[in-house]
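Dear colleague,

I am handing over the structure shown below. Please read the notes that follow alongside it.

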Protein chains: 2
Amino acid sequence: MTKKTDTNNERGDSQAYLEKKKFFDGMLTVYGRKPVLEALQDKATNIHRLHLADSNKSAEILDDIIKLAEAKGAEILYHNRAALSRISKNSSQDQGVAADLICRGFQTYDDFLANNKGKKFRLLALDGVSNPQNLGMIIRSACAGNIDGILLPQQGSAQIDPLVIKASAGTVFRAPILRCKNLAAALKDFKAENSLVCALSSHANTVLKDFNPQEACVYVLGNETEGVSKEVAQLCNASIRIPMNNGVESLNVAVTAALIAFSV
Amino acid sequence: MTKKTDTNNERGDSQAYLEKKKFFDGMLTVYGRKPVLEALQDKATNIHRLHLADSNKSAEILDDIIKLAEAKGAEILYHNRAALSRISKNSSQDQGVAADLICRGFQTYDDFLANNKGKKFRLLALDGVSNPQNLGMIIRSACAGNIDGILLPQQGSAQIDPLVIKASAGTVFRAPILRCKNLAAALKDFKAENSLVCALSSHANTVLKDFNPQEACVYVLGNETEGVSKEVAQLCNASIRIPMNNGVESLNVAVTAALIAFSV
C-alpha cells in the first residue's frame, strides 16, 4: 500500500499515539438505556467507560446498567447534560446514558488489509446504505453468514445507532465491522492489494451463483433507491446480478446482502 | 381433499354464489392516497371499484387517482365517511380513499391446491409473521425468487396494509398470495394432497442446502420472536435449519424467506 488515503500515518505520529488511536478505533459508543443495557448483557462485549448524566433520576434500569458495567470493570463517569451530549452526539435519544464499548470485531479497514494480505477474504462494502433497519439486518446476516468484514464508511451511510442495534439483534457487538472514512478511497486500497471490487448491478452479465472469484472480493451494495454511486461504480472491476422472476426489478439491499453472505 | 376446513362448499351454496365469492377472494382492498395511486400506476393491477369519501377536498393526487381509475375502467363510488371506514376498515389511515383491486396473483389456497394437483410447487407459509415490514419484504423476495405462492392466514398475521405495500416495493400487486383463514387447517389440506410441510427450526438436523424434496413443499416461517407455533410445528413432517456463524442464533424472518426463495 504505497498510497494511503485514510490513515494518519503520514503525519509521522508517535507509536504511542497510534496505539491509542487503534484502541479508540476499535471502540463503539452506544447510547440510550435499553441499547446500553442489552450491549452489556452480551457476553461478547467489553466496556471501557460508562457515561451517565448527573441529572439522571434513579431508575431500575440504571441500577442494572451500573451493576453490569462494574462487573465488566468499566470506569464510570458522571457528566453534566451538555458534556454527555458531546459524548453521545445524540442528546435527544441518549436518555442520559452512553457507553464506550470494546467490540472485538471492530477495526479500521487498513488494519484489516495489513493483517489479511494474500488471503481470500469476502467483504461487503456499503455505498450509501441509509436506512438503519437495512444496516442492522445486513450486519446480522453478514455476521451469521460467510463474510469476513463489513466495510462501513463514516460518510454517506447510516451509522450505528439504537435502531441499527435493534435490527441487528445485538450482533453488531460481535460483527466484523471495518471502518473507513470514505468508501472510494478504501476501495482503491483494496484494489491496490489485488482484491476484486464487485458491484451488485441489475445490468451485470454474470449472475451471483456463477461468480466464484479466486481472489479476495469486496461486494459493493448501493443505496436503497439509487444503487451504487457513479464514483464507486467506476472503481469496480467486476459486477454481478441476481436473476429475478415476475418482472421484479430489485431486491431489498439487506436481502441482497444475505444472498451474498450465504452464497458459499 | 375430503376434509375441507376452510371453504363454504359444505353450505351447499349455489354456483353463482361461488363465482361471486371467487371474484371477491381475488380482490385486495387498499387504502390511503399514495398506496392507491401507486397501485393504479402498476400495469399489473386492475381495479374493480374506487371508493372516495364525499368529504374529500380537491387535491392533485385525488385527480390523478380518479384519472387512472377511469382509464382502467373502474366504477367510482362516493360514500359518507362512516361508509368509507367500513370499506377500508382503517378510518385513521384511509385518507378518504380505498380501492378494490383485482390482483392476478391472489387466490384462495384451496383453489391453488385444486389447480396444482401432483405438481412440485414450492410455497412459503407464514405462521404469525406480525411485522408489516417483514411481510412486505417476504412478498418482494418470494415474488422475485422461486416460490409459487405465499400462504397468508387471515388469523394471527400482519395483513396487507400501506406499510406492507411499501416494504414490498409494489410487488404485492403481482405476487402469488394464497389466502387462508387458519394456517393449521390449510396445512392439513396440503398434507392430505401429499405436500411436505417443512418447518424452519434452529434445532433441525437437515440444513437448507441439503434439502431437496422430490414432492411439493410448504416451508413454514414462524413468528419473529416465538418461531413456529406449537400447533403448526406438530403438523410439520420435515424441518430444516440454516447454519450460522459467530454464535448468531437466528436470522430475520424476511432474510430466511429470501434464502429459501433463492435456494434453487
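Strand β10(B) is joined by two bridges to β12 of chain B (residues 238–241), and the two run parallel. Here strands are DSSP runs (E, at least two residues) and helices are DSSP runs (H or I, at least four), numbered from the N terminus; two strands pair if DSSP finds at least two bridges between them. B:Val207 stands opposite B:Arg241 in β12(B).

This is a predicted model, in which local features need pLDDT of at least 70 and side-chain atom pairs count only at pLDDT 80 or more, while totals for chains, interfaces and linings use all residues. Residues are numbered from 1 along each chain as its sequence is written, chains are lettered from A and ligands numbered from 1 in the order in which they are written, and side-chain values use heavy atoms, leaving out hydrogens and water.

In chain B, eight strands make up an open sheet with parallel pairing, in the order β5-β8-β7-β6-β11-β9-β12-β10. Its edges are β5 (106–108) and β10 (206–207) of chain B; each has a single partner strand, so one side of each is left without a neighbour in the sheet.

As to cysteines, the structure holds zero disulfides over all chains (a disulfide is a pair of cysteine sulfur atoms within 2.5 Å). The closest cysteine sulfur to that of A:Cys103 is in A:Cys143, 11 Å away and too far for a bond. B:Cys198 is in no disulfide either, the nearest cysteine sulfur, that of B:Cys217, being 4.9 Å away. B:Cys198 is buried, with a relative accessible area of 0% (buried means under 20%, exposed over 50%, partly exposed in between, with a 1.4 Å probe and protein chains only).

With kind regards
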